[in-house]
Structures are given as structure tokens and as C-alpha cells.
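User: Please take a close look at the open sheet in this model and at how its strands pair. I would welcome one connected account that also places the sheet in the rest of the chain.

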Amino acid sequence: MSTRNLSADSITGAVIQRMRRAKSARFKQVMGSLVKHLHDFARDVKLTEQEWEYAIDFLTRTGQKCDDKRQEFILLSDTLGLSTLITQMNHSSKDEETEQTVFGPFHRMKAPNFPLGANISKGVRGKPCFVSITVKTAEGKPMRNATVDVWHSDAEGYYDVQHKEWKGAHKMRGVFKPDSEGRVYFWTIVPLFYPVPTDGPVGELLKASARHPMRPAHIHFLVAAPGYDRLVTHVFDKNDKYLDSDAVFGVRSSLIREYKRQKQGTAPDGSTCKTPYWTVDYDFVMRPLPGKAKKKAVARKGSKTAKSGKQGE
Ligand SMILES: [Fe+2]
């Protein structure tokens, strides 16, 4: 097919045809669909040249806003609901398995490791909070070999990376290893609801859409273990007023818990709290990767066969 004299209708097929020699079938499928839908979108809204130029400028500025601490493209994906769509398509949880939600733009690689019971607030002021979680399989087996990465906002709704004066210090984030019961527990401060950053192109988009930028208070968790689906999730505050209008569409009912106020006295880890403090807990259930599930099913079948005295084929 010639690339000459193409019309607003024939251009789409010509572009897709030019990719026909691509080696990867998946690449051809993804890019072919992208071109088709992108062209259809432009035709559908009769995109003007000024609007197209604005879009190019918007995406350029989105990229320019990114650095090692700020990810405007993830934020764009989150606020357009694309992140939740991708999450839901790729991580369908069974009843007992913990649901996934958006990753968000504030995770940092190489957060410090902490022993169980440590305080990750690093002196940031706020309501003291004792967080207690477990990591287990659907059969209730503790997962001692998991890694639990935690991060959250402060009592004013800001992450450490948003405090320029902290000069990159890690606060309200850390990495833990569960004990033999699959438990992870630590002290921190109660997080507050917060606006996603609005000083960039995404803020512009939210304003033009007449949308608020708020996210309900939550703690982020990233739980990883060999043979299991990486769990990216939050634990939301039951009493937050933004649970039903999250700017990034990330709330799942199963991830909501009460951050309970406790009287001063002996805390769950045996320490003495001279002021009131808060507690929250959650039991994470990991989803085995498909290969692992298959192997386990085979193992179970084998064990049943052995118990019943039947010989396998
Ligand atoms: Fe967050």
C-alpha cells in the first residue's frame, strides 16, 4: 500500500500496514490497536490543529516534570483511571486474596530496612500509630520470606519527597521482613488525606475537569515473595471523607480499615505510650503466580493419590 495521497480515512490502514514486518506479533497487535484508536479518537472529536499542539505541549511538559522523585506520567495515568484499569485487568483476586490498587507516584527504591517494632516516622510530628499486619498464603501459612515495603504521607498530607527542606531523607517509609508468624509491626504516624500534586500538567487537567485532587488517607504496601504475585496495595482510613471520590480511583472496599484511637498505656508491642495512640491492622493474603498454583495443585493431587494408595500414571 502506497503512503501517497492518503485521506483522513485511509491513513490509519496505511500506518498499520507499514508495521507489518515487525518481528513481534504482540508489538503489532498493541501498536496496531493504538494507532487505530488514536486515529479514531481524533476523527471522533474532529481534533483541531490548536488542540493537537496543546496536547503535544501537555505531554512534553508532563515529561519535563518527571525526575527521580516526581513521576507526572504515573500521576496522569492514575488520574485518568488507566492505572486502575490495568491493575484490575492484571490482578484479579479470588475471594480471600488481598486486592491490588494503584502504585502511585511516591514510592522510592532503596528505602531503609527496619527491624520489627521500629518507628519509621523519623521524628515527624503526628498522631502515634501502631501498624500491625500479617502476610500469609490463602491456606493461612505465614510467609516469612516476604518483603514488605511501606510508605505513606505525613499528618499534613505530604510525602517526604515533597518536603524539599528534608533534602531527600527517607521518612515514613521503610522495608520489613515478617517474623515466623508472618507478622510485621511498626510505629509511625497516622497519615492524612492529601491532594495529588497540582503544580504540573496533571493539576491543570484536574482543574479543567472541575475535579478535586484529593486522595483518602492510606498507607501504601508493596509485598513481594518468590512464586507469588507482587502485591501493590493500600490500607485506607475508614473515616476518611474522600473514600468515594478518590482522585486516582484506587479505593477498594476490602482495603478499608479503622485507624482506632487507643487510650494511653501499654501498647500492643509492650511499650508504654504516655499519650493516646492509634492502631490499624490488616491481614494480607498473597496470590500464587499461575505456575505456582499449578504446581501446588499437582502436589495436592499427588499427595491425595499417595494417601489413597492409588498409583499415579
Ligand atoms: Fe499515597
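Analyst: The open sheet has 5 strands in the order β3-β2-β7-β8-β9, with mixed pairing, where two strands pair if DSSP finds at least two bridges between them, and where strands (E, at least two residues) and helices (H or I, at least four) are DSSP runs numbered from the N terminus. Its edge strands are β3 (173-176) and β9 (256-257), each of which pairs on one side only. This is a predicted model, in which local features need pLDDT of at least 70 and side-chain atom pairs count only at pLDDT 80 or more, while totals for chains, interfaces and linings use all residues. Residues are numbered from 1 along each chain as its sequence is written.

Strand β2 (residues 147-152) pairs with β3 in the antiparallel sense over 4 bridges, and β2 is joined to β7 (residues 218-224) by 6 bridges, again running antiparallel. Val150 illustrates both pairings: its bridge partner in β3 is Gly174, and its bridge partner in β7 is Phe221. Asp149, for its part, stands opposite Val175 in β3. In general, strands of a sheet pair through backbone hydrogen bonds, either parallel or antiparallel.

Around the sheet, the secondary structure of the chain comes to 7 helices and 13 strands, and the C-alpha trace spans about 80 × 65 × 30 Å along its principal axes. Residues 24 or more positions apart account for 69% of the contacts with a separation of 6 or more, a contact being two residues whose C-beta atoms, placed from the backbone, lie within 7 Å.

Among the helices, α4 (residues 72-79) and α6 (residues 201-208) pack at an angle of about 20°, with their axes 9 Å apart; the axes are lines fitted to C-alpha atoms over the stretch in contact, and angles run from 0 to 180 degrees between N-to-C directions. That makes α4 roughly parallel to α6, a description given to angles under 35 degrees. Glu72, Leu75, Leu76 and Thr79 in α4 meet Pro201, Val202, Leu205 and Leu206 in α6.

For the chain, buried residues make up 28% of the 313 residues. Just after α2, Lys46 takes a positive phi of about 50°.

How values were computed. A residue is buried if 20 or more other C-beta atoms lie within 10 Å of its own, exposed if 12 or fewer, and partly exposed in between; C-beta atoms are placed from the backbone. Angles under 35 degrees count as roughly parallel, over 145 as roughly antiparallel, 65 to 115 as roughly perpendicular and the rest as oblique.
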